Amino acid sequence: MQKRISSIPFTDTPEQHQKLLDLLEKLKDEKGAVMPALQGAQEIYGYLPIEVQKEVARGLNVSLEEVYGVSTFYSQFSLTPKGKYNVSICLGTACYVKGADKVLDRLVAKLGIQPEECTPDGMFSLTACRCIGACGLAPVLTVNDDVYGRLVPEDVDKILAKYTA
Amino acid sequence: MDMVNIKINGMSYEVAAGSTILEAAREAGIDIPTLCFLKDINQIGACRMCMVEVKGARSLVAACVYPVNEGMEVFTNTPKVQKSRKMTLEMLLSVHDKKCLSCKRSGTCELQKLCNDMGISDENRFEGAVPAGKKDYSTLHLERDNAKCILCRRCVAACQQQHVAVIGANNRGFDTEIGCAFEQPLSYVSCVSCGQCINACPTGALTEKDCTQDVIDAINDPDKIVIVQTAPAVRAALGEEFGMPIGTNVEGKMVAALRRLGFDKVFDTDFGADMTIMEEATEFIDRVKNGGKLPIITSCSPGWVKFCEHYYPNLTENLSSCKSPQQMAGALIKTWYAEKEGIDPSKIVSVSVMPCVAKKFEIMRNDEAAAGLPDVDISISTRELARMIKMAQLNFARLPEEDFDPAMGVSTGAATIFGATGGVLEAALRTAADVLEGTDHANVEYKEIRGTQGFKEAIYKVAGMDVKVAVVSGLNNANELLSKIEKGEADYHIVEVMCCPGGCVNGGGQPIQPSSVRSFTDIKALRAKALYDEDEAKTLRKSHLNPVVHECYEWMGGPAGCHKAHEILHTTYVKRDRF
């Protein structure tokens, strides 16, 4: 799946920015520094928007495309921010055969966003993830640390309502 | 040299240790097909086209990266190898936009050739999902059509070799596509328009923006006077498009072809180059005498100028303010020549034929319009000129040899060598030495700065002063030199930079040679030799001895560097962002 690019405006705090600069200063002479730099940057910002990737490219003196290429190759990197509540639906084999795709369709319809996107109000983001090892509960989704299992599409409405209340 | 004994298809050979199976087989007269391989640029063994059998090896190996060793037995033509090659091609074809008949690369496409050579009989053997393939028509110089991309990464490597690296592989697996960061169009990023990616592409995924129809329309407009100029490097390569050996100088036939295509006047950019030398040598002398910014860096190469603006904006003041020879010739066509001939400059369509695609960008720059009109209206590459000649069905080999039109067809050997790395500087030194010392030096050859290596330096004594010069070609070399200059670690007086490795003869608009030729032949050296030979055969070998140059300065009412010359022949630069 192609990585989705966020259109939500980027916000930055001086503390976050300084943390990133310190990280890049530490990594700048290392070989193969792009990966650890992106991992660190994602820890700081939660995702890797163009503003952050430009800073990484500048700090490591590599091209922006090289940084972007790495960020779109590995599924662990996200180009979209996580919402206050990150809804993660498992599309592993067991969940899938138990109808996780229908649950995902319902989430997409209710939230109005695609996987790897975040709602404009920053409340919800949606992730389609691989097996989380809860096959006995298939199909399963998580909202941050809360786990919901044995779902049917209609359950989605109730679950989301808990977090919007 | 250490040698090892190997067997290829049962025959014994002694080959250089450290060479690859591909190189060894080539020496033995056996070509192994490749797609992603481009010697010294892209050696990643990714496309699996060059698979061969090695006795004892667990599976087929990639000949382009697999080194030979003592006693090795290689088989390049077994049923297993043949099957693997065919399968690789059939799988590539399953996701390829197979519109070969209307493809600009038909006939020069490496994928097409291999399909023919390997006897592919069904281009649709495997059917399945086909990626959409993004298209990028955003820039002035090239077009990308990823539906024809085979993901060989040769363009990516060529771009990295130029230290630009604005294209790369994004996403993964079936979604992988070559593009720019954050899927921006190429015109939004710091691409310098050199076109080396086009020349590296084995298929029709990357092609120059074709402006031939604009030229044909102008020629067919009875109200327009269409004047063409051709850069030196074009004559050294155009013949390749018509099956002539690399390094054939086809100046006379090229001029004849241009006339038969309907151009009203055929001028030589070399005249513009002579003017460039007059202005640049004067500017250099002025900077030395009056404490101006040194080193002075040449500004003939628009890809290099854009690189400097993006990557070294602090050094744009070091760039010579001289326009490039193309722009000088264009400016003089619409001012001096128009006035002399009593032509309304607005009726002139000024066309240039260049070895370069960055020239398509250069003609649109600010401050390149001496007559209040663009100095050059349309710039086409060597390849586009060949296309026009083919469309008109001119039999190139049988054309007579003709001369440029006199007004701006007189030029010197100094101008001719502008097309090769080191040539601009040599031309400038020929004039600076004569002018400063007030003599006519018999020795005009500055051999230390000739040759295709990427970095050259020398010290010449000119009028009692030690002039320290450096010549770089290819932007990786330029980058190294520039970073030294920026840090104050280099004390050169004059620096010549050409964007493309080897200079304009190897420009992004030149005829495309397949990897099988390019990887094993020094194309740039052969083309450059054609220019140095022309220079040697000329009576006039110094720009300041060109009589038409003097006529032009008389019209301007002053010597080189005079007020009017500055108005017409000089330009300005901007600072751009890298990211």
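Visitor: Which hand has the crossing in which α3(A) passes α4(A), left or right?

Guide: In this predicted model, α3(A) passes α4(A) in a right-handed crossing, a name given when the near helix is turned clockwise from the far one by less than a right angle, anticlockwise being left-handed. Residues are numbered from 1 along each chain as its sequence is written, while chains are lettered from A and ligands numbered from 1 in the order in which they are written. As the model is predicted, local features need pLDDT of at least 70 and side-chain atom pairs count only at pLDDT 80 or more, whereas totals for chains, interfaces and linings use all residues.

Visitor: Which residues meet between α3(A) and α4(A)?

Guide: With contact taken as C-beta atoms, placed from the backbone, within 7 Å, Gln53(A), Lys54(A), Val56(A) and Ala57(A) in α3(A) meet Leu64(A), Val67(A), Tyr68(A) and Ser71(A) in α4(A). The residues of this contact divide into 5 nonpolar, 2 polar and 1 charged, where Ala, Val, Leu, Ile, Met, Phe, Trp, Tyr, Cys and Pro count as nonpolar, Asp, Glu, Lys and Arg as charged, and the others, Gly among them, as polar.

Visitor: Why is α9(B) called roughly perpendicular to one helix and oblique to another?

Guide: Helix α9 of chain B packs with helix α11 (residues 325–341) of chain B at an angle of about 100 degrees, their axes being 7 Å apart, and that angle makes α9(B) roughly perpendicular to α11(B). In α9(B), the residues Thr269(B), Phe271(B), Gly272(B), Ala273(B), Met275(B) and Thr276(B) meet Pro325(B), Gln326(B), Met328(B), Ala329(B) and Leu332(B) in α11(B), a contact whose residues divide into 7 nonpolar, 4 polar and no charged. With helix α15 (residues 423–437) of chain B, helix α9 (residues 269–289) packs at about 60 degrees, the axes lying 9 Å apart, and therefore α9(B) is oblique to α15(B). The crossing of α9(B) past α15(B) is right-handed. On the α9(B) side the contact is made by residues including Ile277(B), Met278(B) and Phe284(B), and on the α15(B) side by residues including Ala427(B), Thr431(B) and Leu436(B). By class, the residues of the contact of α9(B) with α15(B) are 10 nonpolar, 1 polar and 1 charged.

Visitor: How do you know which strands are the edges of the open sheet in chain B?

Guide: The open sheet has 4 strands in the order β13-β18-β17-β16 of chain B, with mixed pairing, and strands pair if DSSP finds at least two bridges between them. The edge strands are β13 (296–297) and β16 (455–462), as each pairs on one side only. Strand β13(B) is joined by 2 bridges to β18 (residues 494–498) of chain B, the two running parallel, and Ile297(B) has Val495(B) as its bridge partner in β18(B). In turn, 8 bridges join β16(B) to β17(B), which run antiparallel, with Lys461(B) opposite Asp466(B) in β17(B).

Visitor: What lies in the turn of the hairpin that β16(B) and β17(B) form?

Guide: The two strands have 2 residues between them, and Ala463(B) in the turn has a positive phi of about 50 degrees. Across β16, β17 (465–473) and β18 of chain B lies helix α16 (residues 475–486), running at about 140 degrees to β17(B).

Visitor: What makes β2 and β5 of chain A edge strands?

Guide: In the open sheet of 5 strands ordered β2-β3-β1-β4-β5 in chain A, where the pairing is mixed, β2 (117–118) and β5 (146–148) each pair on one side only. Strand β4 (residues 141–143) of chain A is joined to β5(A) by 3 bridges, running antiparallel, and Thr142(A) has Val147(A) as its bridge partner in β5(A). Helix α6 (residues 100–111) lies across β1 (85–90), β3 (124–129) and β4 of chain A, at about 155 degrees to β1(A).

Visitor: How is chain A divided into domains?

Guide: By an automatic or database domain assignment, chain A is divided into domain 1 (14–73) and domain 2 (85–164), whose centres, taken over C-alpha atoms, are 30 Å apart.

Key:
Axes are lines fitted to C-alpha atoms, for helices over the stretch in contact, and angles run from 0 to 180 degrees between N-to-C directions. Angles under 35 degrees count as roughly parallel, over 145 as roughly antiparallel, 65 to 115 as roughly perpendicular and the rest as oblique. Two residues are in contact if their C-beta atoms, placed from the backbone, lie within 7 Å.
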